[in-house]
Amino acid sequence: MAIMISIPAGATANQASTLSLSENLGDTIAETEATINRTLTQIDCSLAPSFEGFGFNRPDVGNFTPGQFGGGNGNFNPGQFGGGMNIPGQFGGGAFAGGGTTPMNETLYEDINSIENVASVVPMLQVSEGTNQTIERFGRSFTVMIPDYVIVGVPLTSSVVDSYPVLPVNITSGRNLQADESGVVLLSENNTAFFGVKVGDTVNIVGQDFIVVGVHGSSGVEDRTTLYMSLSDAQSLTNNTGYVTSLVVFTEDSASVTDVANAISSLHPELSVETSQQRLTQLQAMQTSYETALASAEATLAQTQSVAFEEVGVAVAATSLIVLFLMLYTVRERTKEIGTLKAIGFSNGNVMSQFMLEGVLLSLLAGVVGIAISAIAAPTLSGLLLPTASQLGAAGTFTRGITATNTATTASVVLTPELVLIALGAAVLLGALGSLYPAWRASRTRPAEAMKYE
Amino acid sequence: MSEVVLKLENLSRKYTLGKRNVQALSNVNLQVNKGEFVSIMGPSGSGKTTLLNVLGCLDKPTEGKVLLDNVDTTKLPEKELYKIRRSKIGFVFQTFNLLPYLNARENVELPMECCGKPKGERSKRAKELLQLVNLSGREEHRPHRLSAGEQQRVAIARALANDPAIILADEPTGNLDSKNKQEIVKLLANLNLTQATTIIMVTHDSHVASHTERMLLLCDGKITREKQGLHSIKKGQMCPHCHNTIQPSDVVCPSCQEKL
């Protein structure tokens, strides 16, 4: 009976976690839209990421296209994603929109400034910090860096900071970075948890202390583990003085984007040049796939709800039947006792209330045990009985394999106080319902016959 | 003339067992006075238990009247009978029938509990009754920690709880060894002497029956014989030498002239 009662609890909890997954998906879609809007005049230039840059110790493995690694593992480990998921494999290849990962000498690309219609060139440095781990894939061994966080250096000059959207916009506590600052850092929420710091604290990054001025709440896949600091700080911190990993070119207007991109490509054929138009297409494709995932998550949620509803129905019916049979058995077993009680002066009402009380207390006890069991076993139970987050297809959105340690969203089961109260209330009600008939039968027992019963 | 507690008039009880009609009681007439100790003997199937059940309002007669304290219980509806059982009758069973999950005191309190006596009063009376049946100090013991004789004594205390007009004992010694048998009979006889409790006891055992005042023999649903038991000697109603009736005031037996 206890387990019967725990099933609806587990089902409801799982439902709640599914709901939060689809809410997350909704956020991601909104964020993608925002990215689309702010990238219309933007061209991202970077060197194609090399495997050395990613920490692979087999540079000669040349048959992988950059996109396969640069964009996360969308097509790296398909088994991890649900059927509906197919994230485009090359979302900028790094933490910041358009950011590359291969250092390039800043001075080599100063001529981009002089291309017609170029409004500004913003050099950015992006370096991942983390721990190396050896993995076996395709029959070969790779050393892969599992990033703990990603440092993005942004030139903190007023002309850049005030005019171009290169810093996160969603500040959840503290403030954003300001022009001409140094020795300060803007962390993501993920970072604050990783470092165990808050706004105003000092944080040690690669052996150097920085003051945390703010926290950004960007929840996009790329931004979750990204911290921002001034470009010069980032360059000296990572021994990359004079080097950047990407140049973000802003044009005077969106009409000239294609011409500028072509001009950059002819000047520097080694650069990967990505226009806002191309990125727009990609982002829209991404958005579509997110929406597909959301639809599938919502469908699964509806299914989960109906499954939960059925389970609750079955559990209710089963519980009252169990109480009914148990109490009928008890009444039969204790016929002689009932006879005795009646012989010494118990009225029908006395006997009936006695057995009702017993049934209610019994199922209340079972309810308490059931809640204890579901508190312990519901995660396992619901995992066995119900579709899990990864089955929903939604988890894949957040799991990037390589950055999985920091960004994975797992479904968790929570027993809320309301749920506990509902379960206890149901236990009492079902106990009363199930013992109604047995108690009535007990009260009707004819004492003379009951006394003969052994 | 003593007060009449129980009067049976032309009492009959028939029932069908399968296709067979059984006449468990036929035309039983009996009068029991207050303070009497009556035993009913008879072979198996003679109707002893049926008689006791009818007296105890656990069963209804097919015909006849049962006047208990001048109330005809056969006229009362089923729903009202529990009040009679609660206040006028105390039951003692062959198998004691104590509730196993209650201790001695709680078992004795049970009949008082269902008629709403306050807890303090209940507990006090239960302790007094347990003292009366020589079980002081064992109040908090559950039945499984008591011997058979002790359990029956708890049951007797329970039967006395609501100060009933009559105690109905259905083979109270049937499940006891001879030593305990002796003790229970003595206890009942003692209660009858000191508390003037009216007791009707069904028994197989003629030795047990001989301790009572009146011995009735039930055969095929009829009272076929009645004789005086040894208890009358104690009460000063029978000469211990010639077994003829005497008056309590007699110094010498009027029949055999022996000194009393």
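**Note on a predicted two-chain model**

1. The buried residues of helix H1 of chain B are Lys48(B), Thr49(B), Thr50(B), Leu51(B), Leu52(B), Asn53(B), Val54(B) and Leu55(B). Buried means 20 or more other C-beta atoms within 10 Å of the residue's own (12 or fewer is exposed, in between is partly exposed; C-beta atoms are placed from the backbone). H1(B) spans residues 48-55, and eight of its eight residues are buried, so the helix is largely enclosed by the rest of the structure. Cys57(B) follows H1(B) and has a positive phi, near 60°.

2. The model is predicted: local features need pLDDT of at least 70 and side-chain atom pairs count only at pLDDT 80 or more, while totals for chains, interfaces and linings use all residues. Residues are numbered from 1 along each chain as its sequence is written, and chains are lettered from A and ligands numbered from 1 in the order in which they are written.

3. Chain A first. It has 15 helices and twelve strands. Both are DSSP runs numbered from the N terminus (helices are H or I, at least four residues; strands are E, at least two). Of the 454 residues in chain A, 43% are buried. Contacts in chain A with a separation of 6 or more come to 81% from residues 24 or more positions apart. A contact means that the C-beta atoms of two residues, placed from the backbone, lie within 7 Å.

4. Now chain B. It has eight helices and ten strands. Buried residues are 45% of its 260. Of the contacts in chain B with a separation of 6 or more, 62% join residues 24 or more positions apart.

5. What does each chain put into the contact between them? Chain A gives twelve residues and chain B gives 15 residues. On the side of chain A that touches chain B, the elements giving two or more residues are helix H9 (335-343) and helix H15 (447-452). H9(A) gives the most to that side, with five residues. The classes: Ala, Val, Leu, Ile, Met, Phe, Trp, Tyr, Cys and Pro are nonpolar; Asp, Glu, Lys and Arg are charged; the others, Gly among them, are polar.

6. Strand E8 of chain A (residues 208-216) pairs with strand E5 (residues 171-174) of chain A, antiparallel, through three bridges. Pairing requires at least two DSSP bridges between the strands. Gly174(A) has Gly214(A) as its bridge partner in E8(A). Strand E6 (residues 184-188) of chain A pairs with E8(A) in the parallel sense over five bridges. There, Leu187(A) is partnered by Val215(A).

7. Strand E7 (residues 202-205) of chain A pairs with E8(A) in the antiparallel sense over four bridges. Val203(A) has Phe210(A) as its bridge partner. The hairpin of E7(A) and E8(A) has two residues between the strands, and Val206(A) takes a positive phi near 45° there.

8. Is Leu227(A) buried or exposed? With 27 C-beta neighbours inside 10 Å, it counts as buried. Leu227(A) lies in strand E9 (residues 226-230) of chain A. Setting aside neighbours within four places in sequence, its contacts are Tyr149(A), Ile151(A), Val185(A), Leu186(A), Leu187(A), Ser188(A) and Asn191(A). Val215(A) is twelve residues from Leu227(A) in sequence and 8.8 Å away in space, C-alpha to C-alpha.

9. Chain B has an open sheet of four strands with order E2-E1-E4-E5 and antiparallel pairing. Strand E2 (20-33) and strand E5 (71-72) stand at the edges, each with a single partner strand, so one side of each has no neighbour in the sheet. Strand E1 (residues 4-17) of chain B runs antiparallel to E2(B), joined by ten bridges. Leu6(B) has Val32(B) as its bridge partner in E2(B).

10. Helix H3 (residues 104-114) and helix H4 (residues 119-132) of chain B have axes that come within 9 Å and cross at roughly 125°. Axes are lines fitted to C-alpha atoms, for helices over the stretch in contact, with angles from 0 to 180 degrees between N-to-C directions. H3(B) and H4(B) are therefore oblique to each other. Oblique is what remains after roughly parallel (under 35 degrees), roughly antiparallel (over 145) and roughly perpendicular (65 to 115).

11. The residues that meet in this pair include Val108(B) and Met112(B) from H3(B), and Ala126(B), Leu129(B) and Leu130(B) from H4(B). The residues of the contact of H3(B) with H4(B) divide into six nonpolar, one polar and six charged.
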